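I opened this structure to look up helix packing, charged pairs and aromatic rings. My notes follow.

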Amino acid sequence: MDSPLQSGNIPPSTWTIALIGNPNTGKSSLFNALCGSNARVGNYAGVTVEHKTGRLQIPATANRSALGRIVEVVDLPGTYSLAARSADEAVSVEVLAGEMPGVAKPNAIVVILDSVHLERNLYLLSQVLELGLPTIIALNMWDRIVAEGVRISPDKLSESLGVPVVCTSAAKRVGIDALKLQILEVLDSLHSSNNSTSKALPLACPSTESLASASFPEPFRTQVDQLVDWFASQKIELHRFQIERLLIDDPKGHSFRVVSKSQAPVVEAKINEAREALKAQGLGIPLFETRARYAWIKQKTLGVVEREPKSLQTSTSDKIDRWLTHRWIGLLFFLALMFLIFQSITLVANWPMEGIEAAQGILGTWIESWIAPGPLRSLVVEGILAGVGGVVVFLPQIAILFLFIGILEDCGYMSRAAFMMDKFMASLGMSGKSFLPLMSSFACAIPGIMATRTIENRKDRMVTILIAPLMSCSARWPVYVLMVSAFVPATTWLNGWISLRGTVLFAMMSLGAVVAIPVAWILKRFVFPGEPSTFVMELSSYKWPSWRVVFARVWERVQAFVLRAGTLIFVTSVLVWAAAYFPGNHQTADSLTEKLETLQQDPETNSTEIDSLTSQINLEKSRLISESYLGRAGQAIEPIVRPLGWDGKIGIAVLASFPAREVIVATLGTIYALGSGVDESNEGLADQLRAATWSDGTQVFSLATACSIMVFFALCAQCASTLMTIRRETNSWRWPVFSFVYMTTLAYIGAWITFRILSAGSP
């Protein structure tokens, strides 16, 4: 095994500590307790796995004279194993081995173990110890072991494993200072070892003989020794643990990420040769590791862990699960909970969202009072202010959704919900964890896409991200209401209990979800092929959520949206404004606007004169938007959209609504000289649409045209905010482009079929 003292250069002013642990062990709580709220969140190079780092807050009682360095803490993804079968596990191995670009190799590792389920958690520890880095164990959730009938001797465990053990309850901030001091002690020991001529092993490095790999079969260890020599001869620098993983794991899996593409063929051939040699000796590669590691765990915990005999009385969590995971009662509770979350996102969030929009309007009016009509005012109000508002307005929905997710995760219910929905979602090729993000997307796809971070399997997460925009979000509603009220007959059945308009609205709201089913199947079959992911979910005991942890997660997600997706949304909004403003001559519109504002300040002004000026301004703005780059683009695509029953004006409105779908109503108001202040319930706009004609005098809008527009908006990716969020979550432009292309194609085909069918049936 490599010596930890020879495992990479240590920067002169920084130590790096890695946190690793199984999901649901309180790792995030411990990270926040160690680092406070000054965490930085990003993505590891080339992958969608999240990267969180922070600086250790040193206790006042600590002696730092020997260190004098900053201690950087890296929070690794929650994982059950370092056998790299997923992107998360591959990232953990690469970071710990110093192979991840942009991340310093850790000088020490803190392994967080769930005290109640210690034996199962020790499987991951057995692999971490083989990396040869100084290791500290944080026995977390220490406050719960008494209630669970478990007794653990931390001193005996430390002696047995040969590494320091600290008991913590991160949610209650218990044992945190002791853990910080232990980290500093280990780093101090490493510092002394580096400066010592004897190069003695630093504290927290167990001997090679005490590792689980020491009990691996002799033929396997011999093959690994030979491979270590071979890799050295090929000048391929890999840790012994990585070589073991190459030999044990699937050759097509994530373990080969550490090998360059040019080296992969020769490495794979050598590994296959070693596997064949072991098979000839009767050694089944995947089978022995689990047996050896659990035998090691049993030996190391002998006399360390004692469990009280199971009493006849059922635990509180089991009693709750009898109801919450019941086949029917549990499902009804889950659906009721989803309904509550959905209503909160759509209704409760409406109050602050309306407040944000009102504040935006007030601020816009104030700016208009200080800046004269012209390009500067238009840029500030319609470009910058509208762009900022387009970011901030989503924050209430994002905050409410992640508040619910944080509570459900921290109290232990989220795993039950995923368990109950897994069978249904598996029929679509996805995980039960996909249900909540998709459900949330009916309110807004942005928080729904961000909620996919709870899905560990990359393929399931990517499919969920790519179909989430198909759910009919609230932004589509103004389009549906305008078209239905203007063109769908007010027909009713069953004495008024069922209406045609209500049926059409329901069909439009449901269309995306129905189409998402075959789309998900196609994506899983052709874009993300492979065996269905195994559903592994730990049903931990219920507990009261830590509000500190919950609110920290909400703040983290809101901050990530504003700083990352928000900047892209803002830029897109300003670019669309520029396309709608230039290159027209706005002098006439500006002078009319200035005159109107002067008259409005005079209480004796005749309302007829104000109405006349307003009408002139609206006509001028209608001309300007038609002559703008956006208007020219709309006219240019008329031959493309004409088969859908659309004219160039509809094309302009669709292009202008790219920052946000609901903008189409205001754009149509501008185009038809009614002003941008109209909404979907405006009868004047409905009348103008009914009166619009082609050059031959035939009507542009009809029931077929209206339904064509609604189907297009139900299926298209007409939302820059959503696409920018996909870019943020996937760390690549490939997937937002893919989403835009496939959804726009779907929308076009669906709109064309709808128009043709309804046109054929009309007189």
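**Aromatic rings**

I began with Phe738 and Tyr742, which both lie in helix H31 (residues 734-761). They are four residues apart, about one turn of the helix. Helices here are DSSP runs of H or I with at least four residues, strands are runs of E with at least two, and both are numbered from the N terminus.

Before going on, I noted the ground rules. This is a predicted model, in which local features need pLDDT of at least 70, side-chain atom pairs count only at pLDDT 80 or more, and totals for chains, interfaces and linings use all residues. Residues are numbered from 1 along each chain as its sequence is written, and side-chain values use heavy atoms, with hydrogens and water left out.

I then searched for ring pairs. Rings of Phe, Tyr and Trp (its six-membered ring) pair if their centres lie within 6.5 Å; planes under 30 degrees apart are stacked, over 60 edge-to-face, and the rest tilted. The count came to 15 aromatic pairs. Phe738 and Tyr742 make a tilted pair, 5.5 Å centre to centre with 40 degrees between the planes. Phe738 is partly exposed at 26% relative accessibility, whereas Tyr742 is buried at 14%. I used these cut-offs: buried is under 20% relative accessible area, exposed is over 50%, and partly exposed is in between (1.4 Å probe, protein chains only).

Next I checked Trp230 and Phe231. Their ring centres are 5.1 Å apart and their planes stand at 85 degrees, so the pair is edge-to-face. Both residues are buried.

**Helices H6 and H7**

H6 covers residues 218-233 and H7 covers residues 240-248. They pack at an angle of about 115 degrees, with their axes 10 Å apart. Axes are lines fitted to C-alpha atoms, for helices over the stretch in contact, and angles run from 0 to 180 degrees between N-to-C directions.

By class, the contact has nine nonpolar, one polar and four charged residues. Ala, Val, Leu, Ile, Met, Phe, Trp, Tyr, Cys and Pro count as nonpolar, Asp, Glu, Lys and Arg as charged, and the others, Gly among them, as polar.

**Salt bridges**

I searched the whole structure and got 19 salt bridges. The rule asks for a side-chain nitrogen of Lys or Arg within 4 Å of a carboxyl oxygen of Asp or Glu.

Asp225 bridges to Arg240, with the closest N and O atoms 2.8 Å apart. Asp225 is in helix H6 and Arg240 in helix H7, so the pair ties together parts 15 residues apart in sequence. Asp225 is partly exposed at 38%, while Arg240 is buried at 19%.

Glu620 bridges to Arg623, with the closest N and O atoms 2.2 Å apart. The two are three residues apart in helix H23 (residues 607-627), about one helical turn. Glu620 is buried at 12%, and Arg623 is partly exposed at 31%.

Glu638 bridges to Arg642, with the closest N and O atoms 3.9 Å apart. Glu638 is buried at 19%, and Arg642 is partly exposed at 43%.

My last entry is a network of salt bridges, which links Glu130, Arg245, Glu289 and Arg293.
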